[in-house]
Amino acid sequence: MLNLSIFSAAMDAMAWRGLAYTVFILHFVLVCQLLLLHPLVSALDGTPGNAAELFERVSQSIKLKHYSEALNDLNAAIEADPSLSEAYFHHASVLRQLCRYEESEKSYKRFLELKPGNSVAEKELSQLHQAQSALESALSLFDSGDYTKALEYVDKVVLVFSPACAKAKLLKARLLLATKDYYGAISETGYILKEDENNLEALLLRGRAYYYLADHDVAQRHYQKGLRLDPEHGELKKAYFGLKNLLKKTKSAEDNVNKGKLRLAVEDFRGALALDPNHLAHNVHLHLGLCKVLVKLGRAKDALSSCSEALNIDAELTEALVQRGEAKLLAEDWEGAVADLKAAAQKSPQDTSIREALMRAEKALKMSQRKDWYKILGVSKSASVSEIKRAYKKLALQWHPDKNVDNREEAEAKFREIAAAYEVLGDEEKRTRYDRGEDIEDMGMGGGGGGFNPFGGGGQQFTFHFEGGFPGGFGGGFPGGGFDFQF
């Protein structure tokens with residue numbers, strides 16, 4: 001019985017202690033609420049100084065771009081006094097700037113319920129609708145590929161009425177990338193990262209902008225930072241490993257050029273170009289490198305294509321002009337070669353190697369414009385003296401005017417040309433000078449007016465002598481020992 005009484009007394013004491021503790025906690029919470037919400041409660045009581053202090057704090061938070069703090073203060077004020085109209089107005093304004101349009105619209109409408117006909121609120125609500133519509137239009141235009149128009153909507157409407165809209169800022173960065181304004185994209189993403197240094201999409205977009213400027217080291221650092229924050233981010237992984245593969249292919253091509261493995265270098269250059277056809281700042285150097293290798297390999301047509309691709313990207317690339325000029329020389333496009341090398345020489349007047357290449361092209365052009373005596377006699381440039389003589393006799397017999405009565409004028413012209421060709425190629429000294437590109441017309445040759453003429457002029461007699469005679473066929477054949485044609 002005594003034990004039961006002691007137990008009962010102990011239980012009563014514990015109950016009283018629990019009650020006392022509960023009362024203490026309740027009073028502590030009440031005091032905290034009063035301390036924290038005192039300015040707001042005072043505002044409810046109609047103390048204008050405290051309300052002004054609240055809205056000043058909200059204003060400062062917005063200036064510092066601490067939008068979450070501003071919203072927390074306003075939410076607390078509204079909770080404390082659901083009839084505090086100014087809190088709804090500021091709440092709506094902050095949400096509009098953040099492009100949280102649906103929440104913002106509710107706060108504007110609540111404010112207008114409390115303050116019907118307020119022109120400022122009605123105007124801002126209208127701006128909200130404009131910004132909301134413009135953002136939707138910009139997203140739709142982006143998807144359809146009309147980047148310029150989309151950018152106008154974002155810049156001139158959305159970010160005017162919602163300057164803190166992260167969604168619109170990121171969209172603008174994507175649009176700047178799409179329009180190849182890479183420096184603009186870097187600037188825009190820089191502002192975003194200043195506010196949120198761990199914004200993965202901003203890191204990705206900024207990395208891409210540096211990538212397309214061929215600043216690969218900086219691009220790689222942005223991708224790496226993003227992947228440290230989220231190792232499984234799909235787009236960051238794709239961008240990072242795509243860049244690594246491009247640099248690997250490019251280095252392989254350059255290494256093969258240095259080792260003299262030109263055909264392997266061609267494959268590597270083409271492989272690197274196939275990885276990202278839109279990476280113009282890097283591809284211009286790949287096209288140029290490929291062109292140089294193809295010129296060395298003597299593949300004129302392919303070299304022309306590669307150098308032209310480089311010049312399509314950068315028309316001021318002097319080395320590409322030089323290499324294309326060399327490719328045109330290989331293709332025997334003498335005039336084109338001279339044009340390209342002249343343009344290159346004008347861009348780099350002090351470069352002696354370009355001037356030498358231009359001189360070669362001009363000489364080749366001049367040689368191409370003179371009579372091709374080898375072609376006229378139908379022999380190769382390596383033909384022997386006996387081969388030249390045989391060809392000459394055969395053609396002279398074929399085109400002798402007495403054998404071509406029906407087309408005597410054409411035959412005379414052909415015969416004259418054949419004789420002039422033999423006059424040069426049958427003489428070792430003249431042939432050597434001709435092969436060097438010297439002007440043989442200075443010797444009286446040339447097959448044109450005033451040049452060598454086996455028929456003379458004005459009815460004069462010309463004697464044309466074949467040593468050794470013809471082996472037969474003309475008028476029953478001629479014996480050896482020589483034969484004179486007289487006209």
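A: One begins with the axes: an axis is a line fitted to C-alpha atoms, for helices over the stretch in contact, and the angle runs from 0 to 180 degrees between N-to-C directions. Two packed helices are described by the angle between their axes and the distance between the axes. The model shown here is predicted. In this model, the axes of helix α17 (residues 318-330) and helix α18 (residues 334-347) come within 8 Å and cross at roughly 160 degrees.

Q: How are α17 and α18 oriented, roughly parallel or roughly antiparallel?

A: Angles over 145 degrees count as roughly antiparallel. The crossing angle therefore makes α17 roughly antiparallel to α18. The crossing of α17 past α18 is left-handed.

Q: Which residues make the contact between α17 and α18?

A: On the α17 side they include L321, V322, R324 and L329, and on the α18 side W334, D340, L341 and K347 are among them. Sorted by class, this contact of α17 with α18 has eight nonpolar, three polar and four charged residues.

Q: At what angle do helix α7 and helix α8 pack?

A: Helix α7 (residues 119-144) packs with helix α8 (residues 147-161) at about 155 degrees, and their axes are 8 Å apart. The two helices, α7 and α8, are therefore roughly antiparallel to each other. Here too the handedness can be stated: α7 passes α8 in a left-handed crossing. Among the residues in contact are A131, L135 and F142 of α7, together with Y153, V157 and F161 of α8. By class, the contact of α7 with α8 has 13 nonpolar, three polar and one charged residues.

Q: Where in the protein chain is confidence lowest, and where is it highest?

A: Where pLDDT is low, the predicted coordinates should not be read in detail. The mean pLDDT of the protein chain is 84, and 80% of its residues reach 70 or more. Confidence is lowest in strand β2 (residues 483-486), at a mean of 43, and highest in helix α11 (residues 200-212), at 98. Over residues 455-487 the pLDDT is below 50.

Technical notes
Residues numbered from 1 in each chain as written. Predicted model: local features only at pLDDT ≥ 70, side-chain atom pairs only at ≥ 80, totals over all residues. Heavy atoms only, no water. pLDDT = per-residue confidence, 0-100. Helix = DSSP H or I, 4+ residues; strand = E, 2+ residues; numbered from the N terminus. Contact = heavy atoms within 4.5 Å. Parallel < 35°, antiparallel > 145°, perpendicular 65-115°, else oblique. Left-handed = near helix turned anticlockwise from the far one by under 90°. Nonpolar A, V, L, I, M, F, W, Y, C, P; charged D, E, K, R; others polar.
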